[in-house]
Amino acid sequence: MTNQIPELVCGFVNGSEADFAALVRMFRRKVYASAYRIVGNHLDADEVVQETFVRVYRKREDLKNIKYFSTFLIRVATNYAIDLLRRQKVQRGLDDHKAAKAAEELELSKKVATPEAEYENKRIMEEIQGALNKLPPRQKITAILHDVDGYTKPEIAIILECPEATVRSNLHIARTKLKRFLKHRL
């Protein structure tokens, strides 16, 4: 599958609709997972996925290095997710936070065996999400991309279009703040 990606990207850049559809099928879940971790709810994550692929399709001629298609795709998704969060912060304020909490509660309720464990998991997730929400956007996204999604620091530097030293700095600061925020809470 991974060795097909360069061929599919080449075909897509040259106008192949079938190759684009294959790339969407391959990467849709990965883009959705990253988007969900950033925006915190399913509806907005779906919007990020859709808009990401629309933007990639429109900018296919700008794709210079097919080797980094996955990184390019996640960068587009991350940038759109950041923009979406900024717009929502102005538009909705606290309503978005409530919707994200409800979605988290629903997810937790599907995975927990006992009411006590459910309550504890819910409390921990609320504390972690609250701590993440206190971080500035770049630190939050850097921590999520590295510690949750498993991207390397060089990959994150490409995604966020910044020097690797900035990624290391943001990750260190984010982790330090998260430890401080969560120290007495968990």
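Student: What is pLDDT?
Tutor: pLDDT is the predictor's confidence in each residue, from 0 to 100. This is a predicted model, where local features need pLDDT of at least 70, side-chain atom pairs count only at pLDDT 80 or more, and totals for chains, interfaces and linings use all residues. Residues are numbered from 1 along each chain as its sequence is written, and side-chain values use heavy atoms, without hydrogens and water.

Student: Where in the chain is confidence lowest, and where highest?
Tutor: Helices are DSSP runs of H or I, at least four residues, numbered from the N terminus. Confidence is lowest in helix α5 (residues 94–111), at a mean of 59. Helix α3 (residues 42–58) has the highest, at 93. The chain's mean pLDDT is 82. Where pLDDT is low, the predicted coordinates should not be read in detail.

Student: Where is the kink in helix α2 centred?
Tutor: The bend at a residue is the angle between axes fitted to the seven residues ending there and the seven starting there. In α2 (residues 17–39) a kink of about 50 degrees is centred on Phe-27. Gly-40 follows α2, with a positive phi near 85 degrees.

Student: Is Ser-34 buried or exposed?
Tutor: Buried means under 20% relative accessible area, exposed over 50%, partly exposed in between (1.4 Å probe, protein chains only). Ser-34 has a relative accessible area of 3%, so Ser-34 is buried. Ser-34 belongs to α2.

Student: Which residues does Leu-178 touch, leaving out those up to four places away in sequence?
Tutor: Contact means heavy atoms within 4.5 Å. On that basis Leu-178 touches Ala-131, Leu-132 and Leu-135. Leu-178 lies in helix α9 (residues 164–182).

Definitions and conventions
Helix = DSSP H or I, 4+ residues; strand = E, 2+ residues; numbered from the N terminus.
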